[in-house]
Amino acid sequence: MSRQTIALLGHPVAHSISPALQQAALDELGIDAAYEAWDTPSDGLPGAIERLRSGSVLGANVTVPHKVEAMRLIDQPDGLCELVGAVNTIVNRDGRLHGTNTDVVGILIALAAAGAEVAGKNIVVIGAGGAARAVVVAMRRAGAAQVTVANRTEERARALVALGGTELDVRACSLDLEAASLHAAMGAAHVVIQSTSLGMLHGPDEAATPIPSELFRRWQVALDLVYVPERTPFLKAAEQAGAVAVGGLAMLVHQGAESFRLWTGQEPPLPVMFEAARAVLLAR
Ligand code: NAP
């Protein structure tokens, strides 16, 4: 059998950590496959999706800016994709393309690994972009009692309220640090999940946290989706208040591990994947 391919569709893709962590996992298990970054501008997306149907392709990851559009081009997006409104993993099953969103599972495993309880608890989600949508769906799946979405642009937070369906009470508020609604939500939260781009390595807001230390409680678990080699400013603020801090690398590796399991049918070698992801981050 010829060497298999797994593709990463995005634009740009050069910065992605996925090729390093996925190739390390494939090599560790002796699977004869190459994980290839296909830099795909929007007008090339339909053609790239068609190439995934080839017998030599196991599947693909989809990243910015194609997570929404790709869902329309595949044959079978699953319920999670439909709920989040985005696909991040495509599996080629005999030329038919199945899609799912492993970010949801990645978030839940990262929280569980840190000992965070979600079922029956109040959660605060900071941000209302694509990542925040996956977080709200994950909280619904895990049986959270209530989610408050706090975003700089409050209107975008309100757009996430419907994601709770009839199962989860989702509320929206402004990320205004003076607002009583944000203070009340933070005071009652068991888990606080940071899903804005604040704190991103080399980004314009690298040194910023959306939530200062005074708003955290010592019993809380704080998860930052942003991944950097050390602690983000958000996680430093949480730790200063005595909260448990969990970095975004855990989610990144666990969502990748879930994709790996779907493409290969094999148990992902997690330590190897963590090591490869850390090495890339440290080299930046
Ligand atoms: P996105 O759709 O562009 O959303 C960006 C969010 O950040 C919006 O809520 C935006 O608020 C907010 N924001 C940006 N600049 C801000 C500022 N200066 N002050 C306050 N809020 C600000 O991005 P995304 O795809 O959701 O990704 C968000 C982050 O999650 C990125 O850092 C990404 O790397 C990370 N992520 C990590 C993983 C992982 O596996 N660990 C997976 C997915 C994403 P407005 O609505 O007001 O503009």
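Predicted model: local features only at pLDDT ≥ 70, side-chain atom pairs only at ≥ 80, totals over all residues.

Biologist: How many residues surround the ligand, and which are the closest?
Modeller: The ligand is surrounded by 21 residues, of which Ala131, Asn151, Thr153, Arg156 and Leu225 are the closest.

Biologist: What sort of residues make up that shell?
Modeller: Nine residues of the shell around the ligand are nonpolar, nine are polar and three are charged.

Biologist: And which side-chain atoms lie by the oxygen atoms of the ligand?
Modeller: Thr153 places a polar side-chain atom 2.5 Å from an oxygen atom of the ligand, while for Arg156 a side-chain N or O atom is 2.7 Å from a ligand oxygen atom.

Biologist: What about the backbone of Ala131?
Modeller: A polar backbone atom of Ala131 is 2.8 Å from an oxygen atom of the ligand. As for cover, the ligand on its own has 940 Å² of accessible area, and the protein covers 78% of that.

Biologist: Which pocket does the ligand take up?
Modeller: The ligand takes up the space of the largest pocket.

Biologist: Which helix gives the most to the shell?
Modeller: That is H10, with three residues; helix H6 (130–141) and helix H10 (248–264) each supply at least two residues of the shell.

Biologist: Switching to the fold, how many helices and strands are there?
Modeller: The protein chain has eleven helices and twelve strands. Its radius of gyration is 19 Å, close to the 19 Å that the globule rule gives for 284 residues, so the chain is as compact as a globular protein of that length.

Note on methods
Residues numbered from 1 in each chain as written. Heavy atoms only, no water. Near = heavy atom within 4 Å. Polar contact = N/O pair within 3.5 Å; in protein donor to acceptor, adjacent residues only side chain to side chain. Areas by Shrake-Rupley, 256 points an atom, 1.4 Å probe, with all protein chains shown as cover. 1 Å grid on protein atoms, 1.4 Å probe; cavity = no way out; pocket = protein on both sides within 12 Å on 5 of 7 lines; lining within 4 Å. Sits in = over half its atoms within 2 Å of the grid points. Helix = DSSP H or I, 4+ residues; strand = E, 2+ residues; numbered from the N terminus. Nonpolar A, V, L, I, M, F, W, Y, C, P; charged D, E, K, R; others polar. Rg over C-alpha atoms; globule rule 2.2 N^0.38 Å.
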